Each structure stands twice: as structure tokens, then as C-alpha cells.
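Subject: Structure handover

Hello,

Here is the structure I said I would pass on. Please open it next to this message and follow along.

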Amino acid sequence: PGWHIECSAMSKKFLGDSIDIHAGGADLTFPHHENELAQSECANGCKFVNYWLHNGFVTINKEKMSKSLNNFLTIDDLLKKYDSNAIRFFILTNHYRMPVEFNDEALNSAAAGAKRLIGAVCGYNKTDEVDEESVNAFKLAMDDDLNTSKALAVLFAVADKVKKATDEKEAKVFVSIVITLGEVLGFYFSLAKKEV
């Protein structure tokens, strides 16, 4: 019981009586989050969380990543081998509720995907003009339970339009979309430009 109460107390102290988003692993739904919810709502007399986001397990060699199993990777470990754009791309290709299997093949593929996306916009500057159709497609993907893999597909479709643009002005519009929406997903285009 102390674990559940501790989280309710920390949440109230640092975030207030009610919070917008509470995340955690799918294995925490019961009993931890259910206890947190009951305790917090009884203590505070209001709704505790607006949105619960329970992520799928992170696995290595088909086994749940865990400190107790000594089969875990830290971000620092990954950054020794892959840049931040590649790691982010890898994470975003999976829906947050699905299991994620860490392996070199998948991370190398993600690195290639990130490089391709970043490479499509290298050498261009942003413009203020917007392609509403692409922006709306991206918003629809994100509104679909944070469907980041669909959002990435939108970015690649726009990146392809950069190559097919008939003039530089048109290309800059699509470049701006890729950069702006890519930054929403956390990609660092200036960092990657130096690496491409």
C-alpha cells in the first residue's frame, strides 16, 4: 500500500489534485494505477486523471526489459551507438501501447529512416507558407490515439513531395511542413544536418 500512497502524495504535491496525462507500463494498470486513482479521488474529491497512457512492454531478446533481470539499456548506452533522431524514430514507429523489441537490426533500420527524412530537407530554409492538407493528415494521425507511425508516414509523404516539387518555392513549403511537424515529434533537424 505504501507504494500506491507515495505516488498519490507525490502527484498531489508536484502536479496538483488533478492531472491531464498519467503514463506508465501496462503492467501497472492493476493494482498500482487503480489504487492511485481510488486514493487520489477519495482524498481530493475530484477527477484524478483525464487520460491514462499505458505503454507496451519494452523487450530485449523477447524478454521484458528489467533492472532485476539485468537486461536493460539506458539512453546513454543507446546514444553511444545511435543518434537521438534514430532512437526517436525507432520509438515512434511503434504505437505506444504495443510492445517494443530493442535490437540492432530495428535500430539500424530506424537510423536509415531518420537519415532519409532529415536528408530530404537538408539545404533548405523554412517558409511561412503551409500545406493544410498535410498538416491536417498529421493532426488526424495524432488524434487517432497518438498514432505516431501514421504521423511518420505523413512526414515521408511530404518529404517525397519535396523531391517532386516543380520549383524551389514549392519545395520550401513542403520542407517547412516536414521540419515543423518533425519538430512536434522531437526530431532535431539542425543536429542531423551536420551528420548527413
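Below is what was found, from the overall layout down to single residues.

Keep in mind that this is a predicted model.

Overall layout

The protein contains nine helices and five strands. Read from the N terminus, the order of the elements is α-β-α-β-β-β-α-α-β-α-α-α-α-α. The C-alpha trace spans about 65 × 40 × 25 Å along its principal axes. The chain has 196 residues, and 38% of them count as buried. If you take the contacts with a separation of 6 or more, 73% are between residues 24 or more positions apart.

The nonpolar core

The largest nonpolar core is made of 41 residues. Phe102, Leu185 and Phe187 have the most contacts inside this core. Two or more residues each come from α4 (84-92), β5 (100-102), α5 (104-119), α6 (132-143), α7 (148-164) and α8 (168-184). Helix α7 gives the largest share, eight residues.

Two of those residues can be followed further. With neighbours within four places in sequence left aside, Leu185 is in contact with Arg88, Leu92, Phe138, Met142, Thr148, Ala151, Leu152 and Leu155.

Phe187 sits in the loop between α8 and α9 (189-195). Is Phe187 buried or exposed? Its relative accessibility is 2%, and the cut-off for buried is under 20%, so Phe187 counts as buried. Leaving aside neighbours within four places in sequence, the contacts of Phe187 are Asn85, Arg88, Phe89, Leu92, Leu117, Leu152 and Gly182. Leu117 is 70 residues away from Phe187 along the chain, and the C-alpha atoms of the two are separated by 9.9 Å.

Helix α2

Helix α2 covers residues 29-44, and its buried residues are His32, His33, Glu36, Ser40 and Asn44. Why do these buried residues line one face of the helix? Seen down the axis of α2, they fall within an arc of 80 degrees, so they line one face. Phe30 and Cys42, on the other side of α2, are exposed. The buried residues of α2 are covered by elements including α1 (2-15), β1 (19-25) and β2 (49-55). Just after the helix comes Gly45, which takes a positive phi of about 70 degrees.

A buried serine in a loop

Ser66 belongs to the loop between β4 (63-64) and α3 (75-79). Its relative accessibility is 18%, and buried means under 20%, so Ser66 counts as buried. Not counting residues up to four places away in sequence, Ser66 touches Asn71 and Phe72.

The largest pocket

The space in the largest pocket comes to about 320 Å³. Its lining has 16 residues, and Asn55, Ile91, Asn94, His95 and Tyr96 lie nearest the centre. The elements that give two or more residues to this lining are β1, β2, α4 and β5. Which classes of residue make up the lining of the largest pocket? Ten are nonpolar, six are polar and none is charged.

Where to look again

Regards

Conventions
Residues are numbered from 1 along each chain as its sequence is written. This is a predicted model: local features need pLDDT of at least 70, side-chain atom pairs count only at pLDDT 80 or more; totals for chains, interfaces and linings use all residues. Side-chain values use heavy atoms; hydrogens and water are left out. A nonpolar core is a set of buried Ala, Val, Leu, Ile, Met, Phe, Trp, Tyr and Cys residues joined through side-chain atoms within 4.5 Å. Buried means under 20% relative accessible area, exposed over 50%, partly exposed in between (1.4 Å probe, protein chains only). Helices (H or I, at least four residues) and strands (E, at least two) are DSSP runs, numbered from the N terminus. Contact means heavy atoms within 4.5 Å. The arc is that of the directions from the helix axis to the C-beta atoms. On a 1 Å grid over the protein atoms alone, a cavity is a set of points where a 1.4 Å probe fits but cannot get out, and a pocket is an open set with protein on both sides within 12 Å along at least five of seven lines; lining residues have an atom within 4 Å of a point. Grid points are joined across faces, edges and corners, and a volume is the space filled by probe spheres set on the points. Ala, Val, Leu, Ile, Met, Phe, Trp, Tyr, Cys and Pro count as nonpolar, Asp, Glu, Lys and Arg as charged, and the others, Gly among them, as polar.
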